[in-house]
Amino acid sequence: MTGVPASAGGTGRPAPGGKLGAAAVNQASLWNIANILTMVRLVLVPGFVMLMLQDGGYDPAWRAWAWAAFAVAMITDIFDGHLARTYNLVTDFGKIADPIADKAIMAAGLICLSALGDLPWWVTGVILFRELGITLMRFWVIRHGIIPASRGGKMKTLAQGTAVGMYVLALTGPLATLRFWVMAVAVLLTVVTGLDYVRQAIVLRRRGLAAEGAAAGDAAAEEARDAR
């Protein structure tokens, strides 16, 4: 979250209203460009679904508009995180809403495609199971540390976005064949990076538990020395 600005006089004294004034500043800081982009992405999810399913979901024009909404959502995903880190715009809202928006737009695309018969349900199931599982696993080990996004994870996200975008468009001929292979690469990266995250989570948890055990042992030894 961004810091509270200094007072107009430059004296460093709190703004009138005490805690109420500080709360108002903190609330206003939520409305930064990074969070606004995240909100736009959340709003685009139902808009994308409506565009995707217009006229039975097979009209090339509506599919093109749906692709445009999906593309904007994926682009804002790139910029909001970068802006938040670069300009110190990280907020509690952004930490929660950003991953929800990421998963929501991808899930909407996959589910719509499978419901329309364009993509096998097992592909949607594998990708969504991986995304949900990794998210839950991050919370499972969060007290021991944070699993950083890997290069493979970023490649996976790019491959998934590209593949889903190609399936959203009404492609035919060689491009339809190409999108099949792009999705195959996306599924492969999804599985491989998912297994790597599981390995990292297990190692991180073991190290965390070992550190906690060592700290508990040191505390017990200190108490024993004090009792003498």
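Visitor: Which residues does Leu83 touch, not counting residues up to four places away in sequence?

Guide: The model is a predicted one. Leu83 is found in helix α3, and its relative accessible area is 18%. As buried means under 20%, Leu83 counts as buried. Leaving aside residues up to four places away in sequence, the residues that Leu83 touches are Ile33, Ala34, Leu37, Asn88 and Leu89.

Visitor: How many Å apart in space are Leu83 and Ala34, C-alpha to C-alpha?

Guide: Ala34 is one of the residues that Leu83 touches. In sequence, Leu83 and Ala34 are 49 residues apart. Their C-alpha atoms are separated in space by 5.9 Å.

Visitor: Which helices do the buried residues of α3 pack against?

Guide: Leu83 belongs to the buried residues of α3, which also include Arg63, Phe70, Met74 and Asp80. Those buried residues pack against α2, α4 and α6.

Visitor: What span should the 27 residues of α3 have at 1.5 Å a residue?

Guide: The end C-alpha atoms of α3 are 39 Å apart. That distance agrees with the span calculated at 1.5 Å a residue, which is 39 Å.

Visitor: Which residue caps the N-terminal end of α3, and which residue with a positive phi follows α3?

Guide: At the N-terminal end of α3, a side-chain oxygen of the capping residue lies 2.8 Å from the backbone nitrogen of Ala61. The residue that follows α3 has a phi near 55°. The cap is Asp59, and the residue after the helix is Asn88.

Visitor: Which helices do the buried residues of α2 pack against?

Guide: The buried residues of α2 include Ala34, Leu37, Arg41, Leu44 and Phe48. The helices against which the buried residues of α2 pack are α3, α4 and α6.

Visitor: How many residues apart in sequence are the parts that the salt bridge of Arg41 and Asp102 ties together?

Guide: The side chains of Arg41 and Asp102 meet in a salt bridge, with N to O at 2.7 Å. Arg41 lies in helix α2 and Asp102 in helix α4, so the pair joins parts that are separated in sequence by 61 residues.

Visitor: Is Arg41 buried or exposed, and which residues are linked with Arg41 in a network of salt bridges?

Guide: The relative accessibility of Arg41 is 0%, so Arg41 counts as buried. The residues linked with Arg41 in the network of salt bridges are Asp77, Asp98 and Asp102.

Visitor: Where do Arg63 and Asp118 lie?

Guide: Arg63 and Asp118 form a salt bridge, with the closest N and O atoms 2.8 Å apart. The pair ties together parts that are 55 residues apart in sequence, because Arg63 lies in helix α3 and Asp118 in the loop between α4 and α5. Arg63 counts as buried at 5% relative accessibility, whereas Asp118 is partly exposed at 24%.

Visitor: By what part of a helix are Asp196 and Arg199 separated?

Guide: Asp196 forms a salt bridge with Arg199, the closest N and O atoms being 2.9 Å apart. Asp196 is partly exposed at 27% relative accessible area, and Arg199 is partly exposed at 46%. Because they are 3 residues apart in helix α7, their separation is about one helical turn.

Terms used:
Residues numbered from 1 in each chain as written. Predicted model: local features only at pLDDT ≥ 70, side-chain atom pairs only at ≥ 80, totals over all residues. Heavy atoms only, no water. Salt bridge = Lys/Arg side-chain N within 4 Å of Asp/Glu carboxyl O. Helix = DSSP H or I, 4+ residues; strand = E, 2+ residues; numbered from the N terminus. Buried < 20%, exposed > 50% of the residue type's maximum accessible area, 1.4 Å probe, protein only. Contact = heavy atoms within 4.5 Å. Expected span 1.5 Å × (residues − 1). Polar contact = N/O pair within 3.5 Å; in protein donor to acceptor, adjacent residues only side chain to side chain.
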